Amino acid sequence: MLSGLMGLLMSANVMAQTPPFSIAIHGGAGTISKANLTDEQQQAYRDKLKQAVDAGYKVLEQGGDSLTAVTTAINILEDSPLFNAGKGAVYTYDGGHEMDASIMDGSTLNAGAVAGVKHIKNPIDLARAVMDKSPHVMLSGEGAEEFALTQGFDFVPVTYFDSDARYQQLLDAKAKLKQAQSNQEGKADYQASLNYLDLDYKFGTVGAVALDKQGNLAAGTSTGGMTVKRFGRIGDSPVIGAGTYAENQVCAVSATGHGEYFIRYHVAGDICAKVKYQQKSILQAADEVINQRLITAGGTGGVIAIDQRGNIATPFNTEGMYRATRKQGEQAKVMIWQDN
């Protein structure tokens with residue numbers, strides 16, 4: 001009995017001496033109704049979230065850096081048709097796909113972002129290339145893809161991102177826009193008509209935040225944008241301080257929501273500012289921004305956030321948010337709604 005107690009104490013000491021590391025991911029927030037998800041669909045989401053968070057955790061466990069953990073996890077979500085990023089990107093009004101992504105290194109405050117790319121299989125990888133291999137922070141459209149060619153990226157055809165389910169979403173959204181204009185005798189403009197769309201048409205994103213054994217924080221976000229978006233619309237995902245932010249000794253944040261609000265209210269940066277300057281916990285800071293300031297303004301969505309000690313917050317003010325977390329020495333926790 002004494003030897004068993006000694007063994008537990010030794011194990012606890014080893015854990016205490018090991019630098020903390022942890023990771024959190026999200027697959028978007030919205031009107032995720034239990035009634036609209038079959039058991040098989042729900043399990044598919046949970047399985048993919050677990051696969052992604054476990055892959056990122058493995059990088060950290062083996063001593064890898066937080067940036068690699070973030071991109072590893074996001075790549076898995078980008079390659080899945082379940083989420084609105086990469087393979088699962090939604091359609092624009094004109095029937096195409098325009099993807100955005102960003103990444104930030106908390107140790108240097110260096111960052112990279114791309115917006116409106118159309119032929120990049122994993123936009124988060126191109127965002128990291130912008131950060132690592134260019135003097136710029138954000139590149140867009142054809143210019144971003146021209147840069148991708150100089151870095152040896154392979155292009156995929158635009159049809160790679162096509163899917164029947166997303167195309168049906170486009171048709172449904174267009175029908176609702178048409179109905180909105182009809183209700184207002186044709187006077188409703190594009191922006192006003194968007195107010196008639198359900199939340200799930202307006203946003204969908206994937207992201208990851210991580211703390212590695214070296215104490216470095218990182219955050220990344222990738223999205224297919226808004227269904228029926230027009231005019232080269234860009235949301236918060238590639239905007240540093242809005243959809244993505246990371247700073248060592250403070251916090252790392254990746255957001256998902258109605259991007260226009262997240263840009264205007266500087267959501268990711270605001271959370272970290274509360275931690276840095278007001279000494280608030282990551283849980284309190286994230287909750288105040290998402291469930292008080294943002295929701296009062298009419299903004300909907302959520303974030304995943306992590307602090308320098310590996311504490312994780314995942315607040316959201318929508319019906320659900322696909323998310324998963326894994327801390328040092330623990331198994332993955334996969335959740336969709338507030339209770340599970």
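Which residue does a disulfide join to Cys251? It is Cys272, with an S to S distance of 2.0 Å. A disulfide here is a pair of cysteine sulfur atoms within 2.5 Å. By that rule, the count is 1 disulfide.

Before going on, a word on the model. It is predicted, so local features need pLDDT of at least 70, side-chain atom pairs count only at pLDDT 80 or more, and totals for chains, interfaces and linings use all residues. Residues are numbered from 1 along each chain as its sequence is written, and side-chain values use heavy atoms, with hydrogens and water left out.

Back to the disulfide. The torsion about the S-S bond of Cys251 and Cys272 is about -120°, so the disulfide is left-handed. Cys251 sits in strand β8 (residues 251-257) and Cys272 in helix α10 (residues 267-278), so the pair ties together parts that are 21 residues apart in sequence. Helices (H or I, at least four residues) and strands (E, at least two) are DSSP runs, numbered from the N terminus. Both cysteines, Cys251 and Cys272, are buried, meaning under 20% relative accessible area with a 1.4 Å probe, protein chains only.

Now the sheet. It is open, has 4 strands, and runs in the order β7-β8-β9-β10, with antiparallel pairing. Two strands pair if DSSP finds at least two bridges between them. β7 (244-247) and β10 (312-313) stand at the edges, each with a single partner strand, so one side of each has no neighbour in the sheet. Strand β9 (residues 301-307) pairs with β10 over 2 bridges. Ile306 has Ile312 of β10 as its bridge partner.

Notes:
Buried means under 20% relative accessible area, exposed over 50%, partly exposed in between (1.4 Å probe, protein chains only).
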